[in-house]
Amino acid sequence: MGEAADTNPATVGMRDMANAIRALAMDGVQKANSGHPGMPMGMADVATVLFTEALRFDPKDPAWPNRDRFVLSAGHGSMLLYALLYLTGYPEMDIGDLESFRQLGAKTAGHPEHGHAPGIETTTGPLGQGIGNAVGMALAERLLNARLGDDLVDHRTYCLAGDGCLMEGISQEAISLAGHLKLGKLIVLWDDNSISIDGPTSLSVSDDQVARFKASGWNTIRVDGHDAKAIAAAIAKARGDASAPWLIACKTVIGYGAPTKAGKSSTHGEPLGPEEIKGAREKLGWSAAPFEIPQPILAAWRALGARGAAENAAWKQRLAKAPAGTKAAFETPVACSRETAIADAIAAAKAQFAADTAKRATRVWSQLTLEHLVPAVPELLGGSADLTPSNGTRTKHHTAVGPGSFAGDYIHYGVREHGMAAAMNGIALHGGFIPYGATFLVFTDYCRPAIRLAALMRQRVIYVMTHDSIGLGEDGPTHQPIEHLAALRAIPNLLVIRPADALETAEAWEIALAHPTRPTLLALSRQAVPTVLRAGPAAENATAKGGYVVSGGEGRRDVTLIATGSEVGLAAEAAALLAKEGLHAAVVSLPSFELFREETQAYRDAVLGEAPRIAIEAAVAQGWHEWLRPGDRFIGLSDFGVSAPGPKAFEHFGLTVGKVAEAARAVVKG
């Protein structure tokens, strides 16, 4: 299967090439008995024009850094992307992969998954995320261009979005940021088919989307999405004017070619059925068998795919002549040659902190760590969702990025937490930078979908989440995270670190930079913590073990006090009080459940000990069962916080030295 020689090469045109996409989409969804044929059939003409007239890519080198990026934000239409990858000759996408659509272990998952096959630039499916990713990619291109110049960095980001993408709130955050920054090399192609799952979009939305984009500073144009010449002209116009990002509103018919279902919601998310597919083949003039592409049409697509090789080769010749420092900007993983510089920066920070006797919040220790890291790792790209002074994410070394001004390394994302997190995913996927962004920990609720996708895609994105508990005080329960640590720890492959002191904070940054295939979230305090809690050599990264004995690990152990963050200091004070009474309490810091889980069972047993255990965290108990046994105790919260000064809030909920000591006496006696 895959080829059939029944078409004259001279007759191959845009419509023939587009119909190849339609046929593969119909066939793939029908064989799987699951999927979304309507969007690929409706946008086949637009995709064909984009790939033939504009998109710069090389299937034989899918990771070519200066390729254009193609983001399928409407990820439910994944057969469009899979068909394009097969037709243009990506080596790891053959016809068998299309026949295995949506099957266990297939590269062709129901929604595109980054890493499954070359050419899938990002994981999409949750609507609107792709637009946010595309903004991040376009921003990364401009930032890297400002550093390296047009000879090495000069490409565009194209994003195919649907009606649902534009309904999602993240779309407004993303397009507002892109318009503000004047990301002129970003082009969004909107599949304006006016159909959603429930029926016509008029059931739920009456926005003038073109006016909305215009209001956010975008250039806009409307076209007939089935008129190849009009589509080509619109794309050419957008490519010729990079003054602002572009929206090309493509009026299409969902399920184009289906004889009775075209233009109806029934084509959105279910197979067309044998009779409808038979009728569509007749209407489109497509006589080839399922999963067979006439040889001249396939040859036309493959010739198109081969076109980018020469430009890629010329780019590589330019790169070969560039200085070593410039070449390093394209290394994978990003900043992999900076290990020594990172280690030296962290060592310098820890030495500085060890000599400092002041109590400071871990958000402040984080900022002081960044003062060492930012000049050592130019790939670090900082930012905050309008909380820079509170998050402590900007250093004296930073320069702000602004509209049309991309020489900086710090992004003011505005109050757009979701858009920020999605853009950081795009920045990481693009390459060249290690993004970190910040807000309050409670507002991870606003960016959780993008955090989850960073973990799913195994991208090194760093979240600096401050004001990590009721210790933030007077802002009250709306701003006090209670269930958030448990919810974040539940996300697979997300590394959550809640440091207890200055040294753990510096070490947390070292860990985050050392993990190129997982995102890291730093949960940082507003309340002050000691500089150093543990005894022992400061050079060792104890935090990397996830948990360790801070004090009291030698000799007899009557009780073990386990805590994270600022509560480790509380546990240490309680242990000191108990010692005066002749009770031997070991204090364990457990900054990262994930890293501790990855240690050996023998190590975990040695740290936690056999004595009764008391866990202390200003949060809910969910997740702590992994480290507690029947009869052990948890001191924390089971309800929302209160508006009061931080110390009073801790006292109100029983997070005090006296209460911890009281609980310790009880478990020892029991």
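# Exercises on helix contacts and buried residues

At the start of helix α20, a side-chain oxygen of D501 comes to within 3.2 Å of the backbone nitrogen of L503. This is a predicted model, in which local features need pLDDT of at least 70 and side-chain atom pairs count only at pLDDT 80 or more, while totals for chains, interfaces and linings use all residues. Residues are numbered from 1 along each chain as its sequence is written, and side-chain values use heavy atoms, with hydrogens and water left out.

## Exercise 1

Task: Describe the span of α20 and state how far the helix is enclosed.

Solution. 

Step 1. Helix α20 covers residues 502–514, which is 13 residues. Helices (H or I, at least four residues) and strands (E, at least two) are DSSP runs, numbered from the N terminus.

Step 2. From first C-alpha to last, α20 reaches 19 Å, close to the 18 Å expected at 1.5 Å a residue. The expected span is 1.5 Å times one less than the number of residues.

Step 3. Buried means under 20% relative accessible area, exposed over 50%, and partly exposed in between (1.4 Å probe, protein chains only). In α20, 11 of the 13 residues are buried, so the rest of the structure largely encloses this helix. Among the buried residues are T505, A506 and W509.

## Exercise 2

Solution. 

Step 1. Contact means heavy atoms within 4.5 Å. A506 and W509 are among the buried residues of α20.

Step 2. The side chain of T362 reaches the backbone nitrogen of S525 at 2.5 Å.

## Exercise 3

Task: How do α1 and α3 each pack on α11?

Solution. 

Step 1. Two packed helices are described by the angle between their axes and the distance between the axes. Axes are lines fitted to C-alpha atoms, for helices over the stretch in contact, with angles from 0 to 180 degrees between N-to-C directions.

Step 2. Helix α1 (residues 14–32) packs on helix α11 (residues 295–306) at about 95 degrees, with the axes 10 Å apart. That makes the two roughly perpendicular. Angles of 65 to 115 degrees count as roughly perpendicular, under 35 as roughly parallel, over 145 as roughly antiparallel and the rest as oblique.

Step 3. D16, M17, A20 and I21 of α1 make the contact with I297, A300, W301 and L304 of α11. These residues divide into 7 nonpolar, no polar and 1 charged. Ala, Val, Leu, Ile, Met, Phe, Trp, Tyr, Cys and Pro count as nonpolar, Asp, Glu, Lys and Arg as charged, and the others, Gly among them, as polar.

Step 4. The axes of α3 (residues 78–88) and α11 come within 7 Å and cross at roughly 85 degrees. These helices are therefore roughly perpendicular to each other.

Step 5. On the α3 side L84, Y86, L87 and T88 meet L298, W301, R302 and G305 of α11. The residues of this contact are 5 nonpolar, 2 polar and 1 charged.

Conventions. Polar contact = N/O pair within 3.5 Å; in protein donor to acceptor, adjacent residues only side chain to side chain.
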